[in-house]
Amino acid sequence: MYKLILFLLLLFPLQQTNWELKTEKDGIRLYTANATADSKVKPIKVECTLNATSAQLLAVLMDIKNYPDWAYHTKNARIVRQAGPADLYYYSEVNVPWPGKNRDFVSHVTVTQNPETKVITMEAPNVTGMVPEKDGVYRTTESKGKWIITPEGRDKVSVIYYLQVDAGGAAPAWMVNLFITDGPMETFKKLRGQVQKYEYKNAVLPFK
C-alpha cells in the first residue's frame with residue numbers, strides 16, 4: 001500500500017470517520033473522508049477479500065524487506081529492530097515523483113488476535129529517533145495505520161485497511177491525495193498476487 005505516512009488521529013479513531021465510496025474495481029473498494037483540521041490530506045479506507053489464509057496475509061505484511069514487490073512506490077524497506085514475532089520496528093523510503101522529494105518513516109508494528117473471533121489487528125504507529133534522517137528526504141514525524149484481517153471460511157479473508165497521510169515538506173495536498181487514491185488500488189492488486197507466492201503458502205500465525 002502506498003507507504004508515504006499515516007497521520008495520527010488524536011480525537012476519533014478512523015473506524016468512526018464518515019466514509020464515502022471513491023472507487024470500486026476488481027472487488028477493491030476505496031473510501032475517502034474529509035481531511036481533518038490538522039491535515040490537508042484525506043484519510044482513506046480500503047476493503048477487499050483475498051483468497052488466502054490469515055497466516056498467509058500476515059506473513060506478507062511482516063515480510064518487510066519485500067515491501068517493494070507490492071507496496072506502491074516503496075523504494076526500500078528493512079527491519080530496524082525485531083522485538084518479538086508479532087512486534088517489530090521498520091524503516092521505509094517512498095519514491096515521490098518530481099517536483100516532490102522522497103518521504104521516509106519508521107513504524108512500530110504490533111499484531112494481536114482476538115482469541116474468540118480470530119480477527120487479527122495490525123497497528124503501525126510512527127516512531128521517531130530510531131534511524132538518522134537522510135539528506136534530501138523528508139522524515140514523517142506523526143503517523144498511524146491499521147489492518148483488520150477477518151477469516152471468512154476456508155482460505156479466504158476479509159481485509160480493512162485504514163490510512164491517513166500528512167506528507168510534510170513542500171508536497172502539495174493535491175499530489176499526495178492523487179497518490180493516496182492510486183496507491184492503494186495498485187497496492188491491493190499486487191497484494192493479491194503476493195500472498196499466492198510459494199514462500200507464504202505454509203505460513204503459520206505468530207501466536208501461541
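Trainee: Why is Asp-155 called partly exposed?

Mentor: Its relative accessible area is 39%. Buried means under 20% relative accessible area, exposed means over 50%, and partly exposed is what lies in between, with a 1.4 Å probe and protein chains only. The value for Asp-155 falls in between, so the residue is partly exposed. This is a predicted model, in which local features need pLDDT of at least 70 and side-chain atom pairs count only at pLDDT 80 or more, while totals for chains, interfaces and linings use all residues. Residues are numbered from 1 along each chain as its sequence is written, and side-chain values use heavy atoms, with hydrogens and water left out.

Trainee: What makes the pair Arg-154 and Asp-155 a salt bridge?

Mentor: The N to O distance between their side chains is 3.9 Å. A salt bridge requires a side-chain nitrogen of Lys or Arg within 4 Å of a carboxyl oxygen of Asp or Glu, so this pair qualifies. Elsewhere, salt bridges with shared partners connect Arg-29, Lys-45 and Glu-47 in one network.

Trainee: How do you know whether Arg-154 is buried or exposed?

Mentor: Arg-154 has 77% relative accessibility, and therefore counts as exposed.

Trainee: What makes Glu-93 and Lys-75 a salt bridge?

Mentor: Their closest N and O atoms are 3.8 Å apart, so the pair meets the salt-bridge cut-off. Glu-93 is in strand β5 (residues 87–94) and Lys-75 in strand β4, 18 residues apart, so the pair links distant parts of the chain. Strands here are DSSP runs of E with at least two residues, helices are runs of H or I with at least four, and both are numbered from the N terminus.

Trainee: Why do Glu-93 and Lys-75 get the labels they have?

Mentor: Glu-93 counts as buried because its relative accessibility is 2%. Lys-75 is partly exposed because its relative accessible area is 44%.

Trainee: Why is Asp-104 called buried?

Mentor: Its relative accessibility is 0%, so Asp-104 is buried. Asp-104 sits in strand β6 (residues 103–113).

Trainee: What makes the link from Asp-104 to Arg-139 a polar contact?

Mentor: The two side chains are joined at 2.7 Å. A polar contact is a pair of N or O atoms within 3.5 Å; within protein, one must be able to donate a hydrogen and the other to accept it, and residues adjacent in sequence count only if both atoms are side-chain atoms.

Trainee: Why is Lys-65 called exposed?

Mentor: Lys-65 has a relative accessible area of 59%, so the label is exposed. Lys-65 lies in the loop between α1 (54–62) and β4 (74–84).
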